[in-house]
Amino acid sequence: KKKIVVFQFAPAIRTSVGEEFGMKLGEVATGKLVSAIRALGCDYVFDVSVGADFTTYEEASELLEKLTASKPQLLLSSCCPSWVRFLELYYPEFVGNLSHARPPHIISGGLIKTYFAQKQNINPRDIVVVSVMPCVAKKYEIERKELLAGDLKPVDYVLTTRELVLMLKKRNINLNKMASSKCDEPLGAPSG
């Protein structure tokens with residue numbers, strides 16, 4: 001009860017989550033999703049797309065650096081933990097080609113526990129960040145030591161889309177019947 005609970009959701013779930021509540025296949029449910037997550041009792045809701053903006057910028061800068069080097073190199077995305085782990089296990093010779101950019105929800109979590117915490121005058125240790133992701137491998141990813149923000153985990157917990165749906169249904173929160181609302185600022189407005 002003394003913690004500030006922050007949920008952030010991946011761009012991919014804004015269409016898939018509605019199907020579980022009888023919404024039209026592929027219908028964008030962002031506003032309803034924000035309201036439903038708030039109904040769970042969290043303090044803030046953010047869109048991981050903001051983190052994706054930062055990741056895109058970082059990866060683009062890194063790619064330009066690699067392409068303009070005396071010996072141009074391949075750049076591989078590091079956004080998917082399953083892909084990163086696959087490369088580490090089966091093609092370690094390509095690990096050096098992985099982008100150094102952090103995955104979007106890790107960047108967003110780091111911003112929440114640094115920039116946002118400072119703006120709100122909240123001790124980062126009092127913030128719990130929960131990412132809602134379409135992939136169970138994100139649960140493993142948040143345990144990787146190289147993704148720490150200093151000595152803090154940027155993301156404390158990961159829920160899959162299915163786990164969020166189960167939580168909503170258990171609390172009788174029907175996404176389809178929610179009014180639309182916007183994510184919190186300043187980390188709620190991605191470039192799109």
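**View 1. Lys 113 and Asp 156, a buried charged pair.** Lys 113 is buried, and Asp 156 is buried as well. In this predicted model, the two side chains meet in a salt bridge, with N and O at 2.8 Å. Lys 113 belongs to helix H5, while Asp 156 sits in the loop between helix H6 (137-141) and S4, so the pair ties together parts that are 43 residues apart in sequence. If you like to think in general terms, side chains of opposite charge can pair when their charged atoms come close.

**View 2. Asp 151 and Arg 125, a salt bridge between two loops.** Here the closest N and O atoms of Asp 151 and Arg 125 are 2.6 Å apart, and the two residues form a salt bridge. Asp 151 is in the loop between H6 and S4 and Arg 125 is in the loop between H5 and S3, so this pair ties together parts that are 26 residues apart in sequence. How accessible are the two partners? Asp 151 counts as exposed, because its relative accessibility is 58%. Arg 125, at 45% relative accessibility, counts as partly exposed.

**View 3. Arg 14 and Asp 47, a salt bridge from helix to strand.** Arg 14 and Asp 47 form a salt bridge in which the closest N and O atoms are 3.0 Å apart. The pair links distant parts of the chain, with Arg 14 in helix H1 (residues 13-19) and Asp 47 in strand S2, 33 residues apart. Is Arg 14 buried or exposed? Its relative accessibility is 15%, so Arg 14 counts as buried. Asp 47 is buried too, with a relative accessible area of 3%. For context, a search of the whole structure finds 11 salt bridges.

**View 4. A network of charged side chains.** Some salt bridges join up: Arg 85, Glu 88, Arg 144 and Glu 146 are linked in a network of them. Keep an eye on Glu 146, one of the residues that lie nearest the centre of the largest pocket.

**View 5. Strand S2 and its parallel neighbour S1.** Strand S2 covers residues 44-47; Tyr 44 and Phe 46 point one way from it, Val 45 and Asp 47 point the other way, and all are buried. Strand S1 (residues 4-9) runs parallel to S2, and 4 bridges join them. To find your bearings, look for Phe 7, which stands opposite Val 45 in S2.

View 6. Why is S3 described as largely enclosed by the rest of the structure? The reason is that 7 of the 7 residues of S3 are buried. Ile 127, Val 129, Ser 131 and Met 133 point one way from the strand, and Val 128, Val 130 and Val 132 point the other way. S3 pairs with S1 in the parallel sense over 6 bridges, and Phe 9 has Val 132 in S3 as its bridge partner. S3 also pairs with strand S4 (residues 157-160), again in the parallel sense, over 4 bridges. There, Met 133 has Thr 160 in S4 as its bridge partner.

**View 7. The largest pocket.** This pocket holds about 310 Å³ of space. Its lining has 15 residues, and Ser 78, Val 84, Ser 99, Glu 146 and Leu 147 are those nearest the centre. Which element gives the most to the lining? That is H4, with 3 residues.

View 8. Leu 74, Trp 83, Phe 86, Leu 89, Tyr 90, Tyr 91 and Phe 94 make a nonpolar surface patch of about 700 Å². Phe 86 is found in helix H4 (residues 81-90). With 37% relative accessibility, Phe 86 counts as partly exposed.

View 9. Most residues other than glycine have a negative phi. Asn 121 has a positive phi of about 55° although it is not a glycine. Look for Asn 121 in the loop between helix H5 (104-120) and strand S3 (127-133), where it is exposed, with a relative accessible area of 73%. Asn 172, also not a glycine, has a positive phi of about 55°. This residue is found in the segment after helix H7 (161-170). Asn 172 counts as exposed, at 72% relative accessibility.

Key. Residues are numbered from 1 along each chain as its sequence is written. This is a predicted model: local features need pLDDT of at least 70, side-chain atom pairs count only at pLDDT 80 or more; totals for chains, interfaces and linings use all residues. Side-chain values use heavy atoms; hydrogens and water are left out. Buried means under 20% relative accessible area, exposed over 50%, partly exposed in between (1.4 Å probe, protein chains only). Two strands pair if DSSP finds at least two bridges between them. Patches are made of residues with over 30% relative accessible area and no salt bridge: like charges are joined within 9 Å, nonpolar side chains (Val, Leu, Ile, Met, Phe, Trp, Tyr) within 5 Å. Accessible areas come from the Shrake-Rupley method with a 1.4 Å probe; for residues, only the protein chains shown count as cover. A salt bridge is a side-chain nitrogen of Lys or Arg within 4 Å of a carboxyl oxygen of Asp or Glu. On a 1 Å grid over the protein atoms alone, a cavity is a set of points where a 1.4 Å probe fits but cannot get out, and a pocket is an open set with protein on both sides within 12 Å along at least five of seven lines; lining residues have an atom within 4 Å of a point. Grid points are joined across faces, edges and corners, and a volume is the space filled by probe spheres set on the points.
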